[in-house]
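The paragraphs below go from the chain as a whole to its cores, and then to single residues.

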Amino acid sequence: MVLHNPNNWHWVNKDASTWAKSYFNENLPKISAEDNGVSAKIDSVLEVDGDVDVSQRKGKVITLFDIKIRLEFNGETADDKTVSGTITIPEVAHDTEEDEYVFEISVYSDSREKEPVKDLVRQKIVPQLRKALGKFADDLIVEHGKDIQHASSTSPTPPSASPAPTKAASSASQKSGTPVISHRGQVVNTVILCDTAEFQTTDQELYTTFVDPQRVAAFTRAPPQVFEPSHFSKLTLVFDQGYDTTLLRYTWEGVPIGQEDVAKKNFNEYYVKSIKTTFGLLCFLL
């Protein structure tokens with residue numbers, strides 16, 4: 001499935017949802033446990049619902065997934081009473097740590113006599129599920145990473161001045177940032193801004209627009225200048241090439257609390273809108 005993608009530079013995405021269902025159907029029913037005559041095992045995978053994607057951008061393969069899994073288990077008590085029920089994991093996501101998974105255990109026609117099996121599931125089955133789910137992201141990359149990326153030996157090194165790749169960010173979002181010390185020695189609480197903008201051009205042309213001094217002078221109406229700031233922040237730009245447009249994703253770390261709206265407005269006004277107006281890329285004007 002590897003597309004023509006020189007230098008592994010463009011954003012390439014592969015839907016692995018079908019493979020994920022097969023993966024869980026193959027691996028999770030292998031899990032079982034037994035203790036003091038009580039036994040339990042995962043019998044089947046009832047549901048795998050959500051999105052599973054493998055993406056490649058600028059030579060880096062990442063996983064993006066968020067799914068819900070529902071399993072059915074069977075077991076027996078020490079006196080051979082059959083017990084069955086379900087285990088629901090509401091969220092298995094690419095940014096969820098192994099110890100953060102939640103397991104909702106339900107027994108059909110629950111009663112006190114069935115508690116030993118439910119306890120075994122909680123104490124012996126759940127830890128095995130945590131480990132199995134924790135391996136999913138790595139197995140996903142091993143299985144599908146090769147399908148979306150050229151061999152490194154055939155790809156020249158990308159330009160060193162390119163912006164660093166980041167995880168895909170949801171549009172117009174923000175989260176708490178790390179307090180930083182300003183140039184004046186004051187501690188400033190900050191947030192991280194994430195947003196997107198779409199341009200009717202190629203990723204290479206848009207990238208050049210941000211780094212070429214003549215183009216910068218054109219859309220800012222002034223030549224680039226170097227000045228001494230009183231506060232430092234970090235702006236990361238990711239250029240995602242689509243069919244005939246480029247999606248600009250930006251992550252802005254270190255924005256002082258209270259300045260979020262001003263920062264976003266100024267970026268959209270003096271960069272996004274100005275670039276589109278100057279170079280005639282108005283098709284997707286925000």
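Begin with the contacts between residues at least 6 apart in sequence: 65% of them join residues at least 24 apart. The coordinates are those of a predicted model. The protein holds six helices and 12 strands. Out of its 286 residues, 39% count as buried. The accessible surface amounts to about 16,200 Å², and carbon and sulfur atoms account for 49% of that area.

Ser17, Ala20, Tyr23 and Phe24 are its buried residues named here. These residues lie on the same side of helix 1, because they cover an arc of only 110 degrees around the axis. Thr18 and Glu26, on the other side of helix 1, are exposed.

Phe24 leads on to the largest nonpolar core. This core has 38 residues, and those that touch the most other members are Phe24, Leu28, Ile69, Leu71, Ile87 and Ile125. At least two residues each come from helix 1, strand 3 (38-57), strand 4 (60-76), strand 5 (82-93), strand 6 (104-107), helix 2 (115-134) and helix 3 (136-144). Helix 2 gives the largest share, eight residues. For a view from one member, take Leu28: if residues up to four places away in sequence are not counted, Leu28 touches Ile42, Val45, Ile69, Leu71, Leu129 and Ala132. Another core lies apart from this one; it has 19 residues, including Tyr207, Val255, Ala263 and Ile275.

Helix 2 also contains Leu120. Is Leu120 buried or exposed? Its relative accessible area is 5%, which is under the 20% limit, so Leu120 counts as buried. Not counting residues up to four places away in sequence, Leu120 touches Ala33, Glu34, Asp35, Val38, Ser39, Ala40 and Ile125. Leu120 and Ser32 are 88 residues apart in sequence, while their C-alpha atoms are 9.8 Å apart in space.

From Asp80 to Gly37 the separation is 43 residues in sequence and 8.7 Å in space, C-alpha to C-alpha.

Now move to helix 4 (residues 203-211) and helix 5 (residues 213-220). Their axes are 5 Å apart, and the two helices pack at an angle of about 80 degrees. Helix 4 is therefore roughly perpendicular to helix 5, as angles of 65 to 115 degrees are counted that way. On the helix 4 side the contact is made by Glu205, Thr208, Thr209, Phe210 and Val211, and on the helix 5 side by Pro213, Arg215, Val216 and Phe219.

Ser274 belongs to helix 6, residues 260-279. Leaving aside neighbours within four places in sequence, Ser274 is in contact with Phe219, Arg221 and Glu269. Ser274 has a relative accessible area of 11%, and so is buried.

Terms used
Residues are numbered from 1 along each chain as its sequence is written. This is a predicted model: local features need pLDDT of at least 70, side-chain atom pairs count only at pLDDT 80 or more; totals for chains, interfaces and linings use all residues. Side-chain values use heavy atoms; hydrogens and water are left out. Buried means under 20% relative accessible area, exposed over 50%, partly exposed in between (1.4 Å probe, protein chains only). Helices (H or I, at least four residues) and strands (E, at least two) are DSSP runs, numbered from the N terminus. The arc is that of the directions from the helix axis to the C-beta atoms. Contact means heavy atoms within 4.5 Å. Accessible areas come from the Shrake-Rupley method with a 1.4 Å probe; for residues, only the protein chains shown count as cover. A nonpolar core is a set of buried Ala, Val, Leu, Ile, Met, Phe, Trp, Tyr and Cys residues joined through side-chain atoms within 4.5 Å. Axes are lines fitted to C-alpha atoms, for helices over the stretch in contact, and angles run from 0 to 180 degrees between N-to-C directions. Angles under 35 degrees count as roughly parallel, over 145 as roughly antiparallel, 65 to 115 as roughly perpendicular and the rest as oblique.
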